[in-house]
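Subject: Structure handover

Hello,

Here is the structure I said I would pass on. My notes on it follow below.

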Amino acid sequence: MRFLWGLSLVFFFNSGFAQETIKIGVITDRVGVSKPYSEPATEGAVFAAEELNRHGGLLGRKVELLIEDDQSRPDISAALARKLVDQGVVFIISVSLSPATQQQQTVTMEAKTPQMTPMNSADYLTTQLDNPYFWQTGPLGSVQIATLLAHAKTKNFKRVALITDNSDLGQAIAKAFQGTLEKAGIQIVASEVVARGATTAMPQMQKIRAANPEAMFLAGVLTAENVLIFKAYRELGVKFPIHSSYNLSVPIYETVAKGLIDGITFVDAYDPEKPEVKAFEAAYRKGTGKQPVNLTGYGYDGVMLVADAIRRAGSTDKEKIRAAMQQTSYAGVMGAKGMRYGFPAGKRTGYDPNGMVVRVYEGDRQGRVVYVGQK
Amino acid sequence: MQDLLELAVGATASGCVYGLVALAYLLVLRPTGIINFAVGEWAMVGAFGGHLLLSRYEWPYAAGMAAVVAFLCALGWLTERIAVRPLVERGAPVLAAVLALLGVLVITREAISVSFPPDPLPVPYAFGIQYQKYFIIGVTLAVFAAAWVFFERTVAGRSFEAVALNRRAAALMGIDLRRVSALSFAGGAGVAGLAGLLVSPNVSAHYLMGVPLAIQGFTALVVGGVGRVEGALLGGLLLAFAEQLTIRYAPIPGGYAQGVPLLFLIMFLVFKPTGLLRSRI
Amino acid sequence: MNLVRFAGSFLVLAGAAFLLSDYHNDVYRKMLLWVTLALGYNFLFGVCGQVAFSHFAFYGIGAYSVVILLFQLHVPLPLAMVLGVAICAAVALAVAIPATRLEGFYLALATLALAQLFVVVLNEGGELTGGTGGLANYRLPPVFGWSLGGPSYTAVIVALLLGTYALLVRLDRSWFGRACRAVRDNPEAAAAMGVDVARIRVAAFTVTSALAGVAGMVYAFVDNTVNPPIFGLENAFLLLFMVIVGGAGRHAGAIVGAVLLFLLPFVLSPLVGHHHVLVFGVLVVAAILFQPKGLIGLFNGRS
C-alpha cells in the first residue's frame, strides 16, 4: 500500500516538473566561414535561454534550445530546418550565413514555422521570398549606409570610392551602399573587390588612389581581407576618410588591426552607454565570467524577441506566435538609445532605420557615439 | 609610374610566397609523385605558430622563426610516417596517398580551428610593415638558392633526383627510399610553414587561409613547370603579377578581375601545359 | 540491369520516401543526389582515369540553367528540360575538347580553375543569376497536372539515380567501357590497338558532365533555391573523397562512399559537437590507410 502511495506521489511530482519544454531551434555555423560571427551570437542565445529559465521559464515551462550546425552549407541548412520542425520547435533562429537563412525559408514557409534572423543584414532576405513566417531584425545594409551618409552629410562628399570583398554578404552590402550613394547624387569614382585569400590589397588601393576620391566606403565583411585593405591604405599614405559597414564594430579589429584603425568611422548597433547594454554586460559577466561583444548581443536579443512574442501569444500555437511576433515592440540590447524593435505595417524587417549609431575609432579602441539615426 | 614600381615590389613579394608554396609541393612531388594539397594547411600552422610564439609569448623573431620551421619539419616527417609510408609500402596507388593527405588537410585545419578563437589573429612583422616585402623576397631567394645548391651540387640532392627519375633503379643503387621520402616531406613542410609565417603578418592567421594558398601554390607550380626548382619561383611571380596587374590596370569592374587569372591559367594550360621551364633531362 | 530489377529497386527506394519523416526524407533525397553524382564521377575518374574537379560545377550549370530557362526566360517545362540537357552537354563538350588533351594534374588544375570561374560568374551574373544571393521564389510547375513535392519528388530523384546507374553500367560493360579502361591504363597501347584516345576521353567527359548537369536540374527543385555557396569548391573535394574512400572504378564503391560520407556529418554532429569535421577527417584517413583500394574491398573478402 505504501509502495503505491509512494509511486503515485512520484508521478504527481514528476508531472509537475516534467512538463514539456518550449523548444526553440537555433541554426548556427560551428566550423565554416560564418563561425567568427555565429559563435558569439550562439553564446548570446544560450545565455538568454539560461536567463529565461532562471526566472521561471516561459509560460511556466522551461525553454530548450535545439542547436544545429549547418557548416555554412545552405543545403544542409535546409535539411536541418526540417529536422527542427520535425522535433517540434515553435521558432527557428538563424545565425548562420545569409544564403543559408534564405534556403531555410523555403522550409519554414512550407512548414508554416516562424523563423527569424537577429543578425543577417542582407536586404534580399525579405524581398526575394514572400514568407509571412520570416522576420529579420539585423540591421540592413541599406540602413547602414543611410546612417553613415546622414552623418557624413556635413562633409558634402561628391566623389567617393567603394571597396568590398567577394563574400555573399560583402557583395550584398556593397550593392545596398551603391544604390543609396547613387540615389543621393554621389558619384562612385572607383569600385573595387578584394577576393578571399588575397595576399595584398595594394592594386585595389592604388586604383582607388588614382581615382582621387574624397572618402572611401568599406562594405567588406571578411576580417583578414579588411585588414589587408587597411595595410595598403597606410602603405600608400592616402588620407581620405574611411566609412565602414557594421563589420568594423566587431572587436577583433582592435587586436588584429592595431595601429591601423584610428579615425575610421563605422556604423554600429551597439551603444555601450545604453542602460540595457550595461545591464546585459554585467549580467553576462556574472553568469559566464566572460566579457560579451556586440555579436553576443544579437543572439541574446534574438532569443528575447522570440520569448517576448511567445509570452504575448500566450501559447505555443505557431499561428498565434506569428501574429504576436508581427506586433512586436521591444527594446533590446542592440540599437541606439530608446530604439525598439518593431514590424510596422506588415513589414518583416524589424530594425528601426533610425536605430543605428555612428562611432569612430579613437586610437585602437572603439570610441564614442558621434551620430544617431538617419535624420 | 610610381604606382607600377610599388606594385611590382608588392607583386614580387606575393609571388615569392606563392613560389615557396610551389616549392613545398615540388619537394614532395619529385621523389614520390604525390601531390600534397595539405601544404596550404602547413602554411597555416606556420602562421599560427608565429602568432603563438611571436605575438603571445613574444619570443625574439629569429628564435621564433627557427622554432616554427623546426616544428613544421617535424610535422611533415610525422605526416609522412603516419599517412603516407603505410600506403607506399603496401603498393597502394599514388592517388590513395593524395587522398590521405587531403584527409590530413582537414584534420590539420580542424585541429587549429578548435584550438584557437575563430577570429583572425595578428602575427608581428620581422622589421616593420614597410620592410616586410623585402624581407619576404630576401628569405625566399635564400631558400631557393639553398634548394638549388642542394639539388645541383650535393650528393643527397642528386639522390632525390635519382629517385624522381626511377625509383627502382635508385633503390638498386643503394639509395634509401624511405629516408628520401621522409626528408622530402620534412623539407616541404618546413618551406610551407615558412611561407605561412612570411605572409601572415599581412593576411593574419586564420583557419581558412590554407585552401586559397594551396590553390595559388599549385597554380604557380604548374605554370612554372615541375622539372626545376627555379620553375616554382617563376610560376609564383608570374601568377602574382598577372593577378595584381589585372586588378590595377585592366579596365574591367572589380568583381570580374578575380576571374582573369583563372582564365589566364586555363588558356595557359590549353596551349602550354608542360609549364614554362622545361626539365633539364 | 533488367526491367524487373529496375522496377523493383524503384519501388523499394521510392517507397521508402513515403515512410520517412520530412527531415529524413530531405536527407535521403539529398543523399540520393550525391550518389548519382558519385556514380558519374566514378566513371570519369575511376574508369576513365581523368582527375577532374569540374563535376560539381556542371551540377551547378544544370541547376541554374533550368531555373533561368523556366523563370527568367519563361520557357515551358518540357522544352526547358531538353534545352537544359543540351546546354550541359554543349558546355561539357566545349570544356572537354581542350581539357582532355591534358594529363593528370594539368587536367585537375584546369578543372579546378573552371570550378572557381563558375562561382565568379555566378556572383557577377547580376539579375540573370541573382548574384551572390542566388535565385529563389520559384516552384516546379505541375507535371501532367501533378504537383510534385516531398516524397513524390523523391521518386523523381530515385528515377534519376536508377537511370544514371543503368546507363553507366551499360557503358561500362560495352566496348566503350573497355576502351576507357584501356586509355586509363596505357594510352599508347590503346592507341596502338586502334582506339581513338582523344575521342574516348572527350566522350567520357561529356557524358558524365552532362549527367551531372541533369542531376543539377533535378536538384534545383529540392529546396527551390540555387545560390553560389551550394556549388562551392569544397564539394568537388568531397566528391573525390567519396569515390576514393568507397573504391574508385566500381559502381558499388561509389555508392558506398557517397552514402557513408554524406551521412557521416549528420551522425557525428550530435555525438561530438563541433569537432565533427575533425573526426570526419580522422575517419577518412583511417579508411584510406586501412583499405587503400576503397572500402568496397571489404565486401569482397579481399583485404
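I start with helix H11 of chain C, which is largely enclosed by the rest of the structure because eleven of its 13 residues are buried. Please keep in mind that this is a predicted model.

Helix H11 of chain C covers residues 234-246 and reaches 18 Å from its first C-alpha to its last, close to the 18 Å expected at 1.5 Å a residue. Its buried residues include Asn235(C) and Ala236(C), and also the run from Leu238(C) through Leu239(C), Leu240(C), Phe241(C), Met242(C), Val243(C), Ile244(C) and Val245(C) to Gly246(C). Which helices cover these buried residues of H11(C)? Among them is helix H4 (94-115) of chain B, together with helices H2 (22-47), H3 (55-72), H5 (104-123), H12 (251-272) and H13 (276-290) of chain C. After H11(C) comes Gly247(C), with a positive phi near 130°.

Next, the contacts between chains. Between chains B and C, the contact takes 34 residues from chain B and 29 residues from chain C. On the chain B side, two or more residues come from each of H3 (61-89), H4, H9 (210-224), H11 and H12 (259-271) of chain B. H4(B) gives the most, with twelve residues. By class, this side of chain B has 27 nonpolar, five polar and two charged residues.

Chain B also touches chain A, in a contact that takes 29 residues from chain B and 30 residues from chain A. Helices H1 (2-32), H8 (177-203), H10 (229-249) and H11 (254-257) of chain B each supply at least two residues to the chain B side. Its largest share, six residues, comes from H1(B). The side of chain B that touches chain A has 14 nonpolar, eleven polar and four charged residues.

Chain A itself is divided into domain 1 (13-139 + 273-342) and domain 2 (142-268 + 357-372). How many Å separate the centres of the two domains of chain A, taken over C-alpha atoms? The separation is 29 Å. Their contact takes 13 residues from domain 1 and 16 residues from domain 2. Helix H4 (98-111) and helix H11 (294-313) of chain A each supply at least two residues on the domain 1 side. That side divides into nine nonpolar, three polar and one charged residue.

One glycine in chain A is also worth a line. Gly314(A) lies in the loop between H11 and H12 (318-326) of chain A. Is Gly314(A) buried or exposed? Gly314(A) counts as exposed because it has 11 C-beta neighbours inside 10 Å, and a residue with 12 or fewer is classed that way. The C-alpha atoms of Gly314(A) and Leu58(A) are separated by 9.4 Å, although the two residues are 256 residues apart along the chain.

Last, confidence. Chain A averages a pLDDT of 88, and 95% of its residues score at least 70. Over residues 12-18 of chain A the pLDDT is below 50, and this stretch has zero contacts in the model beyond near neighbours in sequence.

Regards

Methods. Residues numbered from 1 in each chain as written. Chains lettered and ligands numbered in written order. Predicted model: local features only at pLDDT ≥ 70, side-chain atom pairs only at ≥ 80, totals over all residues. Helix = DSSP H or I, 4+ residues; strand = E, 2+ residues; numbered from the N terminus. Expected span 1.5 Å × (residues − 1). Buried ≥ 20, exposed ≤ 12 C-beta atoms within 10 Å, placed from the backbone. Contact = placed C-beta atoms within 7 Å. Nonpolar A, V, L, I, M, F, W, Y, C, P; charged D, E, K, R; others polar. Domains from an automatic or database assignment. pLDDT = per-residue confidence, 0-100.
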